[in-house]
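Below is a short report on one protein chain. Look over the model first, then read on.

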Amino acid sequence: MAPEPVWQQLQKKTFTRYINGKLASKGLQINDLYEDVKDGKILYHFLEALTGASLKKYGRLNNGRMKIQRVANMNVVFAFLPDADVKISN
């Protein structure tokens, strides 16, 4: 696999710092943006910190060890997004 271009490394580092700034209020921190967000737990807490809303009514978090649990965690996050007026497109 080819190394990331410099601009991607810079964006990854910048966004990681931004997320850590928001997660500091919850006592959480990430080191690797790609790996730490994939189980859905950090994204869940990040959205709570960002919006000030609780995501508990959308579902509970799993430990995220198995792929199905990670998918379930992401489903909770994606269920919240329309209520937060976030439009998803690809």
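Which residues form a nonpolar patch on the surface? Phe15, Tyr18 and Leu50 do, with about 270 Å² of accessible area together. Patches are made of residues with over 30% relative accessible area and no salt bridge, and nonpolar side chains (Val, Leu, Ile, Met, Phe, Trp, Tyr) are joined within 5 Å. A salt bridge is a side-chain nitrogen of Lys or Arg within 4 Å of a carboxyl oxygen of Asp or Glu. Areas follow the Shrake-Rupley method with a 1.4 Å probe; for residues, only the protein chains shown count as cover.

This is a predicted model, where local features need pLDDT of at least 70, side-chain atom pairs count only at pLDDT 80 or more, and totals for chains, interfaces and linings use all residues. Residues are numbered from 1 along each chain as its sequence is written, and side-chain values use heavy atoms, with hydrogens and water left out.

**Overall fold**

The protein chain has four helices and zero strands. Helices are DSSP runs of H or I with at least four residues, strands are E runs of at least two, and both are numbered from the N terminus. Of the 90 residues, 26% are buried. Buried means under 20% relative accessible area, exposed over 50%, and partly exposed in between (1.4 Å probe, protein chains only). The chain exposes about 6600 Å², and carbon and sulfur atoms supply 55% of that area. Its C-alpha atoms fill a box of roughly 40 × 30 × 30 Å along the principal axes.

| Helix | Buried residues |
|---|---|
| H3 | Ile42, Tyr44, Phe46, Leu47, Glu48 |
| H4 | Gln69, Asn73, Met74, Val76, Val77, Phe80 |

Seen down the axis of H4, the buried residues fall within an arc of 150 degrees, so they line one face of the helix. The arc is that of the directions from the helix axis to the C-beta atoms. On the other side of H4, Lys67 and Ile68 are exposed. The buried residues of H4 pack against helix H2 (33–37) and helix H3 (41–51). Cover for the buried residues of H3 includes H1, H2 and H4. Contact here means heavy atoms within 4.5 Å.

H4 covers residues 67–80, and its end C-alpha atoms are 20 Å apart, which agrees with the 20 Å that its 14 residues should span at 1.5 Å a residue. The expected span is 1.5 Å times one less than the number of residues.

**Back to the patch**

Phenylalanine 15 lies in helix H1 (residues 6–23). Phenylalanine 15 is partly exposed, at 38% relative accessible area.

Technical notes:
Patch = residues over 30% accessible without salt bridge, like charges linked within 9 Å, V, L, I, M, F, W, Y side chains within 5 Å.
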